[in-house]
Amino acid sequence: MNPSKEVIKHWWVQRLTAVVLVPLTFWFVSSIAGLVGADVNTVRGWVANPIALVLLLITIFTVFHHAQLGVRVVLEDYVHAPWLKGFSIALTKILAVTLGTVCFVAVITIFFTS
Amino acid sequence: MGTSDRPLSPHLQVYKLQLTSVLSILHRITGLALALGTLLLVWWLVAAALGEGAFEIVQNIIASWFGRVILLGWSFSLFYHLCNGIRHLFWDIGLGFKLSATYLSGWLVITASIVLTLGAWIWGYASMGAFS
């Protein structure tokens, strides 16, 4: 793959996920602030709302994508040993996809068992 | 080619810290902290999916003084990274590059981050009935 094309795409996706995350973050924080110290049923009730579900799923996906891109840039800056560089970047991507999927499944599970 | 033994010219030891450079590295540091914090988010959501027992465990850990310190650091990181991120987005469309504008937006970001963090925490405590 043409490396500069990939870099440009990375730049755009980082900005796109950032823009989407601005309103989503405010929504997420205000939701959580109201759920502080709540019991499990209250939290599950919040997730069970279809609008909250959709917003939460979008937030999860966008957060992990944005985070993975960000961590990748840091690794590219500081890790120079060639094998370690590729390995750590790949590991970051695997972690992001795995954790993101776990969150997805957890949220869907709550929605369908509430 | 890995790291070599050739000397680097000094930078951190000699270059005076300024608002611009400090806020820049802070953006990176808070970004990394937030990425690390997603682990807690995963744990919290999975615990909520598993049910009361698992959820109580994670809620108690968050409620402990240690948990609250972590949460405070994470929430400040979130608001700082968010505000400075918006600052970056303005730069991306070509606005605010003048040094005076950069310093002004920088101080705005710091202020907004502190205010938003405080606001969120007051809201959180209020929803737990701390002020009633």
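**How chains A and B meet**

The contact takes 28 residues from chain B and 28 from chain A, two residues being in contact if their C-beta atoms, placed from the backbone, lie within 7 Å. On the chain B side, helix 1 gives the most, with 12 residues; helices here are DSSP runs (H or I, at least four residues) numbered from the N terminus. This is a predicted model, where local features need pLDDT of at least 70, side-chain atom pairs count only at pLDDT 80 or more, and totals for chains, interfaces and linings use all residues. Residues are numbered from 1 along each chain as its sequence is written, while chains are lettered from A in the order in which they are written.

Next, a closer look at one helix pair. Helix 4 of chain A and helix 1 of chain B pack at about 30°, with axes 8 Å apart; the axes are lines fitted to C-alpha atoms over the stretch in contact, and angles run from 0 to 180 degrees between N-to-C directions. That angle makes helix 4 of chain A roughly parallel to helix 1 of chain B, a label for angles under 35 degrees. Among the residues making this contact are L99(A), A106(A) and I110(A) from helix 4 of chain A, plus T38(B), L45(B) and A48(B) from helix 1 of chain B.

As for A67(A), leaving aside its neighbours within four places in sequence, this residue touches A96(A), L34(B), A35(B) and T38(B).

Note on methods. Helix = DSSP H or I, 4+ residues; strand = E, 2+ residues; numbered from the N terminus. Parallel < 35°, antiparallel > 145°, perpendicular 65-115°, else oblique.
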